[in-house]
Amino acid sequence: MRFTARHRRFLRFEFFVAVFLLLFISGLQTQLQSQVLYGSLVGSISDPSGAVVPGASVTATNVGTGQIRQDTTDQGGRYNFVNIQPGTYTVTITANGFSKTEQSNVVVTPNTVNRVDVHLQVGAASQEVNVSGEAVELQTDKADTHTEITSKAVVDLPISGSGYRNYQSLIDLTPGAMPSTFYNSQTDTPGIPLNTHINGGNGQTNVTTIDGAESINVWLPQYTGYVVPAETVDVVNVTTSAADADQGLAGASSITVVTKSGTNQIHGSAFEFHNDQHLNARNYFLQPDTSKPVAIFNNYGGTIGGPIKKDKLFYFGSFEAVNQKSSGNGLYTVPTSDQRAGNFGAYNTAIFNPNTGNPDGTGRSVFAGGMIPASLISPQALKMQGYYPAPNLP
């Protein structure tokens with residue numbers, strides 16, 4: 001088909017419209033799902049007497065990426081940073097007549113509201129007060145019930161899964177969760193996803209979101225569509241009740257997974273899990289003079305992240321591979337040497353010649369001595385029986 005100039009212009013227009021719609025939908029999706037993917041940082045600023053301080057300048061700086069967010073307190077002395085990336089922040093407050101105050105080690109995690117209330121001290125702007133972050137003991141800004149699994153927990157705690165290092169096994173630490181299991185074959189779900197029931201709910205109603213996108217196995221909805229490598233996990237938020245509206249598909253639980261990103265510092269990791277037959281116990285039924293079957297398993301990979309342009313653009317990549325070679329031992333029945341030759345005389349069983357007698361099977365003659373002539377054994381059968389191992393037990 002030949003395209004005219006008008007057709008080409010129309011196709012170009014269609015292309016730009018498609019790109020615009022894609023960008024618009026992507027931006028809309030970010031706005032709709034941003035509360036799940038990001039966190040919030042709120043608080044109030046007051047003076048030593050407890051009176052609110054309006055008009056104070058509040059700056060939140062991401063320690064890892066250098067990202068800066070700024071806000072000004074309202075008439076009630078309140079500030080609000082919504083939809084900020086998870087990470088460790090430094091909050092700086094400046095106001096006329098008060099010393100500059102800096103709150104460090106403020107951790108923001110996805111799907112949470114972190115509250116940092118600051119009391120300013122009277123003094124010159126050149127004076128500075130540093131306050132170390134304190135753990136929040138009571139959640140007062142959200143009604144949901146959730147459990148957080150951090151990257152430190154993924155690294156420090158033992159992860160089950162026969163060497164596959166699946167972070168989902170740590171969801172067992174969530175109150176109300178039953179032990180996770182893998183029901184299907186690796187052929188159906190090569191990522192070895194785990195399924196669990198939380199608070200008695202159906203496993204199919206556990207909805208997992210990875211970096212803002214829902215991950216669902218269409219054919220096996222009790223499993224996630226993709227299991228991120230453990231080395232890439234930054235934080236996992238498991239909400240088990242009173243989930244927000246932006247987690248509308250959640251039933252028994254809403255599981256939010258956020259992967260690591262690059263920072264201003266180059267960082268990475270490398271790992272390998274190895275196992276073979278020499279590290280395993282000997283099978284009880286294996287013959288004493290028989291070597292243990294070959295069973296080699298290697299799970300290895302690594303990550304690396306860093307800056308492309310400081311404070312602006314970052315990269316993060318990961319690689320993971322599994323190489324597995326397995327064999328087994330068992331007790332099987334195989335043809336004996338006389339059976340391979342067609343000699344069944346030692347078994348006191350009548351062997352009938354199928355080329356004799358009537359179509360209904362009557363009147364057939366018996367092979368003398370239970371011996372099948374070699375001329376009646378097909379070459380295909382001889383070729384096939386050559387693949388059977390010879391007996392090694394009486």
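Contact here means heavy atoms within 4.5 Å. Keep that cut-off in mind for the whole tour.

This is a predicted model, in which local features need pLDDT of at least 70, side-chain atom pairs count only at pLDDT 80 or more, and totals for chains, interfaces and linings use all residues. Residues are numbered from 1 along each chain as its sequence is written, and side-chain values use heavy atoms, with hydrogens and water left out.

**Stop 1: the whole chain**

Show the cartoon. The protein chain has four helices and 17 strands. Both are DSSP runs numbered from the N terminus: helices are H or I with at least four residues, strands are E with at least two. Of the 394 residues, 33% count as buried. Buried means under 20% relative accessible area, exposed means over 50%, and partly exposed lies in between (1.4 Å probe, protein chains only). Take the contacts between residues at least 6 apart in sequence: 61% of them join residues at least 24 apart.

**Stop 2: the largest nonpolar core**

Select Leu 41, Ile 45, Tyr 79, Ile 93 and Leu 120. These have the most contacts inside the largest nonpolar core, which has 19 residues. Such a core is a set of buried Ala, Val, Leu, Ile, Met, Phe, Trp, Tyr and Cys residues joined through side-chain atoms within 4.5 Å. Which strands each supply at least two residues of this core? They are β1 (39-46), β2 (57-62), β4 (78-84), β5 (87-94) and β6 (100-108).

Centre on Ile 93. Leaving aside neighbours within four places in sequence, Ile 93 is in contact with Ile 45, Ala 56, Ser 57, Val 58, Ser 99, Lys 100, Thr 101, Val 118 and Leu 120.

Now pick Leu 170, Ile 210, Val 227 and Val 257. They are included in a second, separate core of 18 residues.

**Stop 3: an open sheet**

Colour five strands in this order: β10-β13-β14-β11-β12. They form an open sheet with mixed pairing. Two strands pair if DSSP finds at least two bridges between them. The edges are β10 (145-150) and β12, each pairing on one side only. From one strand to the next, the twist averages 25 degrees. For such angles, axes are lines fitted to C-alpha atoms (for helices, over the stretch in contact), and values run from 0 to 180 degrees between N-to-C directions.

Zoom in on β11 and β14 (residues 253-259). They pair in the parallel sense over five bridges. Select Thr 208 to find its bridge partner in β14, Ile 255.

**Stop 4: salt bridges**

There are five salt bridges in the structure. Each puts a side-chain nitrogen of Lys or Arg within 4 Å of a carboxyl oxygen of Asp or Glu.

Start with Lys 142 and Asp 144. Their side chains meet at 3.5 Å, N to O. Both residues are buried.

Move to helix α2 (residues 151-156). Lys 152 and Asp 156 both lie there, four residues apart, about one turn of the helix. Their salt bridge is 2.9 Å, N to O. Buried or exposed: which is Lys 152? Lys 152 is exposed, at 59% relative accessible area. Asp 156, at 49%, counts as partly exposed.

Finish at Arg 165 and Glu 231, another salt bridge at 2.9 Å, N to O. This pair links distant parts of the chain, 66 residues apart. Arg 165 is in the loop between α2 and β11 (206-210), and Glu 231 in the loop between β12 (213-215) and β13 (233-241). Both are buried. Not counting residues up to four places away in sequence, Arg 165 touches Ile 159, Ser 160, Ala 230, Glu 231, Phe 271 and Asn 299.
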